[in-house]
Amino acid sequence: MVLHHATWPEVEAYLKNSTGVVIPTGSTEQHGPTGLIGTDSITAETVALAMADITGALVGPTLSLSQAQFNLGFPGTVSLRPSTLIQVIIDYVQSLARHGFEHFYFLNGHGGNISPAHCAFQELYADQSLGLHRGAAVQCRLRSWWDFSEVNEIRQRLYGVAEGMHATPSELAITRHVLPAVSCVDNLPAPPLLSADFIKRHGGDNHEHAAAHRAQFPDGRVGSHSALGRPEHGAEIIAVAARAAARDYAAFLAGAEA
Ligand code: NI
């Protein structure tokens, strides 16, 4: 069930059977010369909806604005400050918590969301620890669709080191599967590839300011050979990610530790 396609009595009925909700988190930012600006939102939402088909979970509205300041050097990028995103996540959770939701599963498509989301979760938990939260305790979990080992096996098998960090062939493969009419396959050559050390130090989109980022990565790709991403790969990645996320969501509802 999709929250914005439901009526309030349907949500009330859902809450009699489940206290879980899945929240896709994406971004609105450049994805190289051939990637859609909504790539991260499209990928997160697509995997979340496929996962909901398996689990019956309610899917909330996609958070399509993110912390993406490092991409503001590219036209079309819209960024929230990290502090704004933290507040948005807190308000989103507390609104639904008021109605009885307790388990908030963030299905993520953008590295820059990870740190602010974890800060927001700690703010929510702090309210509970300090006795400032009314109602049942809330629990939050964030998983990026590429976190699952099965998904990483596919990315490694298909692209190896050319997967890179941004405008990845795997994420573009998903958008090319979902929106073939607007997401054309490209002929771009490979960009300079990244060292494992660079990827480790800059994980979670830990980049500096926008001018420096554009100077370092002039076409917007961060070590990713986007052209390798084919629509048929996207179909496989969506299916595998949805199955893995469904398993993880069930464990989350059951109270299993990450
Ligand atoms: Ni992306």
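The legends below describe several views of a predicted model. Residues are numbered from 1 along each chain as its sequence is written, and side-chain values use heavy atoms, with hydrogens and water left out. As the model is predicted, local features need pLDDT of at least 70 and side-chain atom pairs count only at pLDDT 80 or more, while totals for chains, interfaces and linings use all residues.

**Figure 1. Overall fold of the protein.** The secondary structure consists of nine helices and four strands; these are DSSP runs numbered from the N terminus, with helices being H or I of at least four residues and strands E of at least two. Along the sequence the pattern is α-β-α-β-α-β-α-β-α-α-α-α-α. The radius of gyration is 18 Å, close to the 18 Å that the globule rule gives for 258 residues, so the protein is as compact as a globular protein of that length. This radius is taken over C-alpha atoms, and the rule is 2.2 Å times the number of residues to the power 0.38. The C-alpha trace spans about 55 × 35 × 30 Å along its principal axes. Of the 258 residues, 52% count as buried (buried is under 20% relative accessible area, exposed over 50%, partly exposed in between, with a 1.4 Å probe and protein chains only).

**Figure 2. The nickel site.** Three residues coordinate the nickel ion at 1.8 to 2.1 Å: His31 through NE2, Asp40 through OD and Glu171 through OE. Donors are N, O and S atoms within 2.8 Å of the metal (3.2 Å for Na, K and Ca); water is not among the atoms, so sites may look incomplete. The spacing of the donors along the chain is H-x8-D-x130-E. Both histidine 31 and aspartate 40 are buried.

**Figure 3. Surroundings of serine 170.** Serine 170 belongs to helix α6, residues 169-178. Its relative accessible area is 0%, so serine 170 counts as buried. Leaving aside neighbours within four places in sequence, serine 170 is in contact with Trp145, Arg155, Tyr159, Glu163 and Ile237 (contact means heavy atoms within 4.5 Å).

**Figure 4. Salt bridge between aspartate 248 and arginine 143.** The closest N and O atoms of this pair are 3.1 Å apart. A salt bridge is a side-chain nitrogen of Lys or Arg within 4 Å of a carboxyl oxygen of Asp or Glu. Aspartate 248 lies in helix α9 (residues 231-253) and arginine 143 in strand β4 (residues 139-144), so the pair ties together parts that are 105 residues apart in sequence. Aspartate 248 and arginine 143 are both buried. A network of salt bridges links Arg141, Arg143 and Asp248. The structure holds seven salt bridges.

**Figure 5. Salt bridge between arginine 157 and glutamate 236.** The side chains meet at 2.7 Å, N to O. Arginine 157 sits in helix α5 (residues 149-159) and glutamate 236 in helix α9, so the pair links distant parts of the chain, 79 residues apart. Arginine 157 is exposed, at 53% relative accessibility, whereas glutamate 236 is partly exposed, at 30%.

**Figure 6. Salt bridge between arginine 221 and aspartate 219.** The N to O distance in this pair is 2.9 Å. Arginine 221 is buried, with 6% relative accessibility, and aspartate 219 is partly exposed, with a relative accessible area of 28%.
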